[in-house]
Amino acid sequence: MVLAEPTAAAQPCWTPADSAALYGIDAWGDPYFAVNARGHITVQPRGDRGGSLDLVELVQGLQGRNLGLPLLIRFDDILEDRLERLNAAFERAITQYGYAGRYQGVFPVKCNQQRHVVEQLAESGRRWHFGLEAGSKAELLIALSLVDDPEALLICNGYKDQRYIETAILARRLGRQPVVVIEQPDEVGRIIQASRELGAAPFIGIRAKLASRSTGRWGSSVGERAKFGLAIPDVLATVEALREAGLLGDLRLLHFHVGSQINDIAVLKDAIQEAGQIYGQLCQLGAPMGFLDVGGGLGIDYDGSRTATAASTNYSLQNYANDVVATVRECCEPLGIPVPTLVSESGRAIASHFSVLVFDVLGSGGVPGRVPPLGENEPLIVRNLRDTLAGINALNPSSLGGPSEPAGERLVDRLQEAWNDALKFKEDALSAFRLGYLGLPERAMAEQLTWACAEAIVERLPASGVPEDLQALRAALAGTYYANLSIFRSAPDTWAIDQLFPVMPIHRLDEQPTRLGSFADLTCDSDGKLARFIGHGHAKPLLELHPLREGEPYWIGMFLGGAYQEVMGNLHNLFGSTNAVHIRLAPGGGYQVDHVVRGDTNAEVLRAMEHDPELLLERLRVASEAAIQRGDLRISDVRRLMDHLETSLRQTTYLQA
C-alpha cells in the first residue's frame, strides 16, 4: 500500500502548469521538454525552431512496433540542435569580440560510443568541420573510419603505445588530421622513434597540468596530482626534445582540462588565463602552434537552478563561449601572437539532452497503515493505540488555543503528545511480543495502528512550526515504487557518484501527485534504487508521485542521461541493455523511426558471461528426464518448463507485460 502524500490535501484545480513548476521542467527542460494541456510531456527536438511530439503518444506508437519498456528514446534532432547551438554560441562570441580566429570542436567518443550516435554526430557536424576525440585505440579506429573531412580534427588522448602513435602518423598520410596529445613524459620518446621509423610525424599536442583548481565532484582530477598532463618543467623538456628531433614544427596544439561538469564559470576563466599564457610562451619558444584545446567540462543545468552546485552551472552556453573567446584574445594580443583556433571537447553538453529513458512501474509498497477492524477482547496495548488514533482524528484546530497561545501551536503540541504515546504503546507491544504475552496477529494490529496514527498526524500538520521528529514522519510514510529497469545498467552514475538526473512521470500531469515515494529497481541489490531527486536548488530523498490505478500503466521518464550512462552501464544480475530507438521529426509532421536497436536477450547476456545457452538447456533437459523417471514430473510439465526456458532465452532481460 502506498500512502497519501502527507504535505497537503489535494488541490481541487491542479493544472499541468502546476506539475511543470513542481518538477522544474521549465528550468532544466528548456527548450526541449515541456508539459502540454493534456498533462503529457512533450518533446521539441529542434528547440524553439518548431516541431513537437507528445512523448506518451510516441511511447504508445513504439509499443505498437513491439518495442517494450524500458525504452531508451534517442532524438537525433536534439543532437544536431546541440551541435548547432554550441557552434552558434562561439560564432556570436567571435563576432562580438572581434576574434581573428575560429572555433572547431570535437566530440569525445567516450561519452557515447554507440554506432548510430557517433555516426549521427559525424554527419551532422560536417558543416562545422566538427571532429572526434579518442581516448583509446578502439576509439581511434571509430574516429578514423567516420571522420573523412581533412579539416576536422581527431584529438588523440589517453595512454599511447607504439602502435597507437604509428596509426596516427599513417592516418595523417591518409588525409586525416590526427593530433597526438602528449599526456605522459614517456610518450615523447615513442613519438620521436615512430616518426624516425616511418619518415613522417603526426600533428603533436601537449596537455599541460594547470595550477588552477576546479570545484565540484571532479575538482581533484586536475592540478599537480592530475592523472594526465605535463608539469611545466616537463613541458619545457618536451619542447627541447622535439626541437632536437626536428619535430618542433609539428607541435600545433596546447590542451588542458579542468574537470567534467564545471559548475563555476570563475574556474574556467582562471584556467584559460593560465593556459593562454602557456600557449603564448610556446609560440615564443618557436612552436608554430595554432590550436588551443580547452578540453571538456562545459556543464549542463540538471536541476535548473543556475547555481554553482554539482547538479547545476552558474553560466549559460553563451557565457561559456564569451569567456573562452574574450580571455584567449586578451592573452594573445599583448604578446603580439595570432590567436589560435579554439577547440573544445564538449561531450556532456552535446549528448546529455538527446535521450530519454522511459520505464514502467510494476507495483508499489509502503507501511501497513490500514486500520484493522475492531476485534473481541483486544489486549490493552492495542486498545491504547486505537484510542490514541481516535483522539488524533477528533482534533479540531479551531477549538484549540487561547488568548496567549495560537491554535496552530496548541495543535502541534497535541500531535506531538499523541505521537509520543503511539511510540510508547508500540514499544510496549514489541516487548510483550518478545516475552510471549502478545501474539503475532496482535503485534500486526499494533503496527498497523501506529502507522495509522502517523498518517492521521501528518494530515493535520500545519505548514510551519513543526518539530523535527514530526517532520520526519512525511518521509517515513513514503512508498516504494518498483521500477522495471536496472539502475546499474541504465543510470550507473546515480549509484556510483550520486549524480542527479531529472526524473518525473510523463503523463497524468494534469492531476496533483498525492504520494511521496522513491524507486526500487529489478536487481537484488540494496543500491539498486533511485532515492535522490531534483528539488528547487537542492536534492530531495522523495519524489511526488501519483497513486497507481488498477490495469493502467504508470510511466516515468529519466532525462538528460545521454552522456556516459549507456557506455558505463554493467550487467548486474544479468540485466542487459534496453531497447533503444532513434527518432527524427518527419518533414510533413509527426515522426519517423530511423533506427531500432534491440536490447540484449537473456541468451546474449549469458554468452557475455561465457555461458552456453544450449548447454544450459541440455542440462535441464537431462534433469527433467530423470524427474520423469522418478515420477516427480509429468511429460506435459516438462514440455511447459522447456518451452518457458527456450522462450526466455529469446526475450529481453526485463519483465514482460
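Mentor: Contact here means heavy atoms within 4.5 Å. The model is a predicted one. With that in mind, take helix α6, residues 137-146, and helix α7, residues 162-173. Their axes come within 11 Å and cross at roughly 10°. Angles under 35 degrees count as roughly parallel, so α6 is roughly parallel to α7. On the α6 side, the residues that meet α7 are Lys137, Leu140 and Leu144. Arg163, Tyr164, Thr167 and Ala171 meet them from α7. By type, the residues of this contact divide into 4 nonpolar, 1 polar and 2 charged.

As for the surroundings, the largest nonpolar core has 141 residues. Phe33, Leu55, Ile73, Phe75, Phe519 and Phe559 have the most contacts inside this core. Helix α10, residues 265-284, supplies its largest share, 10 residues. Leu55 touches Ile41, Thr42, Val43, Ile73, Phe75, Val356, Ile506 and Phe559, leaving aside residues up to four places away in sequence. Another core, of 31 residues, lies apart from the largest one and includes Leu411, Ala446, Leu449 and Cys453.

Asn36 sits in the loop between β1 (33-35) and β2 (41-43). Asn36 counts as buried because its relative accessibility is 18%, and buried means under 20%. Beyond residues up to four places away in sequence, Asn36 touches Pro16, Thr42 and Asp54. The C-alpha atoms of Asn36 and Ala17 are separated by 8.5 Å, with the two residues 19 residues apart along the chain.

Technical notes: Residues are numbered from 1 along each chain as its sequence is written. This is a predicted model: local features need pLDDT of at least 70, side-chain atom pairs count only at pLDDT 80 or more; totals for chains, interfaces and linings use all residues. Side-chain values use heavy atoms; hydrogens and water are left out. A nonpolar core is a set of buried Ala, Val, Leu, Ile, Met, Phe, Trp, Tyr and Cys residues joined through side-chain atoms within 4.5 Å. Buried means under 20% relative accessible area, exposed over 50%, partly exposed in between (1.4 Å probe, protein chains only). Helices (H or I, at least four residues) and strands (E, at least two) are DSSP runs, numbered from the N terminus. Axes are lines fitted to C-alpha atoms, for helices over the stretch in contact, and angles run from 0 to 180 degrees between N-to-C directions. Angles under 35 degrees count as roughly parallel, over 145 as roughly antiparallel, 65 to 115 as roughly perpendicular and the rest as oblique. Ala, Val, Leu, Ile, Met, Phe, Trp, Tyr, Cys and Pro count as nonpolar, Asp, Glu, Lys and Arg as charged, and the others, Gly among them, as polar.
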